[in-house]
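Work through the exercises below with the model open beside you. Try each task before reading its solution.

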Amino acid sequence: MARLILGSSSPRRRELLHLLRVSFEVIPPKGVEENLSERFCEKELCELSHLKAKNVMLRNPFSTVIAADTVVVLDGLVLGKPSSVEEAYEMLLVLSGRTHSVFTSVSVMYEESEFSFVEKTDVTFREVPSEVLKEYAESGLSLDKAGAYGIQDYGALFVKSIAGDFYNVMGLPIGRLWHELHARGVI
Ligand SMILES: Cc1cn([C@H]2C[C@H](O)[C@@H](COP(=O)(O)OP(=O)(O)OP(=O)(O)O)O2)c(=O)[nH]c1=O
């Protein structure tokens, strides 16, 4: 199998890719503008993960590159990574007591081929007291996560139910990825 590269700086994606039990390198995309429209568009999300994969492949030809992008969507609007503790707190307040969707787009480039797919998970939050949300926003755990929460850390306390893949919310739908790679004989 060609040299496998995870084109991501996300520690969660690195942790999840290890579940494939194949060795890989981590080479984050460089200088890729992640500016998605405010209104969610699945095609745009796919283009962004494809851009990340292409950015790494161009610097590492003849390898297999996996890249991804995760967004939280509420009422059709994209909640990316918060730019401040205040914005994180505002995001968490609108998510409290409601159901939002988490979309992760995964793009894989290998040999002369490439494919992308989008996985969706619906997450329902309990009504969470505002002081708990403020404490979470101030913890620093929010700032590198779409939607200002991590389902894998104590953001889990906010979750009432999910419909779909848990790992997709963390940033990499590893079961779907394994299936797609295996079906194409990539791994
Ligand atoms: C909703 C949610 C997001 N996240 C993270 C996954 C991603 O790391 C991040 C979404 O930002 P992304 O822009 O998808 O990824 P990234 O900037 O972390 O890394 P790269 O672009 O180099 O691949 O949010 C969680 O860790 N847990 C969650 O519950």
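Predicted model: local features only at pLDDT ≥ 70, side-chain atom pairs only at ≥ 80, totals over all residues.

**Exercise 1. Ligand contacts**

Solution: 
- Step 1. Go to Thr70. Here a polar backbone atom is 2.8 Å from a ligand oxygen.
- Step 2. Go to Ser9. A polar backbone atom of Ser9 is 2.7 Å from an oxygen atom of the ligand.
- Step 3. List the surroundings. The ligand has 22 residues around it. The closest are Ser8, Ser9, Arg13, Lys52 and Lys81.

**Exercise 2. Asp69**

Task: Which annotation covers Asp69, and is Asp69 buried or exposed?

Solution: 
- Step 1. Check the record. The unreviewed UniProt entry carries the annotation "active site" at Asp69.
- Step 2. Locate the residue. Asp69 belongs to strand 3, residues 63–74.
- Step 3. The relative accessible area of Asp69 is 4%, so Asp69 is buried. The limit for buried is under 20%.
- Step 4. Collect the contacts, skipping residues up to four places away in sequence. Asp69 touches Arg13, Glu34, Leu36, Leu45, Leu48, Ser49, Lys52, Phe103, Thr104 and Ser105.
- Step 5. Pick out the polar pair. The side chains of Asp69 and Lys52 make a polar contact of 2.6 Å. Lys52 is also among the residues closest to the ligand.

**Exercise 3. Glu112 and Tyr167**

Task: Assign Glu112 and Tyr167 to their elements, then classify their accessibility.

Solution: 
- Step 1. Classify Glu112. Its relative accessibility is 80%, so Glu112 counts as exposed.
- Step 2. Take a distance. The C-alpha atoms of Glu112 and Phe62 are 8.9 Å apart, with a sequence separation of 50 residues.
- Step 3. Classify Tyr167. Its relative accessible area is 36%, so Tyr167 is partly exposed.
- Step 4. Collect its contacts, leaving aside neighbours within four places in sequence. Tyr167 meets Leu16, Leu172, Pro173 and Ile174.
- Step 5. Take another distance. Tyr167 and Asn55 are 112 residues apart along the chain, and 24 Å separates their C-alpha atoms.

**Exercise 4. The whole chain**

Task: Describe the fold pattern and decide why the chain counts as compact.

Solution: 
- Step 1. Count the elements. The chain has six helices and seven strands.
- Step 2. Write the order. Along the sequence it reads β-α-β-α-β-β-α-β-β-α-β-α-α.
- Step 3. Apply the globule rule. For 187 residues the rule gives 16 Å, and the radius of gyration is 16 Å, so the chain is as compact as a globular protein of that length.
- Step 4. The C-alpha trace spans about 50 × 30 × 25 Å along its principal axes.
- Step 5. Of the 187 residues, 49% count as buried.
- Step 6. Among contacts between residues at least 6 apart in sequence, 68% join residues at least 24 apart.
- Step 7. Finish with the surface. The chain exposes about 9,200 Å². Carbon and sulfur atoms supply 52% of that area.

Methods: Residues numbered from 1 in each chain as written. Heavy atoms only, no water. Helix = DSSP H or I, 4+ residues; strand = E, 2+ residues; numbered from the N terminus. Buried < 20%, exposed > 50% of the residue type's maximum accessible area, 1.4 Å probe, protein only. UniProt positions renumbered as here; feature names shortened; annotations may be inferred. Contact = heavy atoms within 4.5 Å. Polar contact = N/O pair within 3.5 Å; in protein donor to acceptor, adjacent residues only side chain to side chain. Near = heavy atom within 4 Å. Rg over C-alpha atoms; globule rule 2.2 N^0.38 Å. Areas by Shrake-Rupley, 256 points an atom, 1.4 Å probe, with all protein chains shown as cover.
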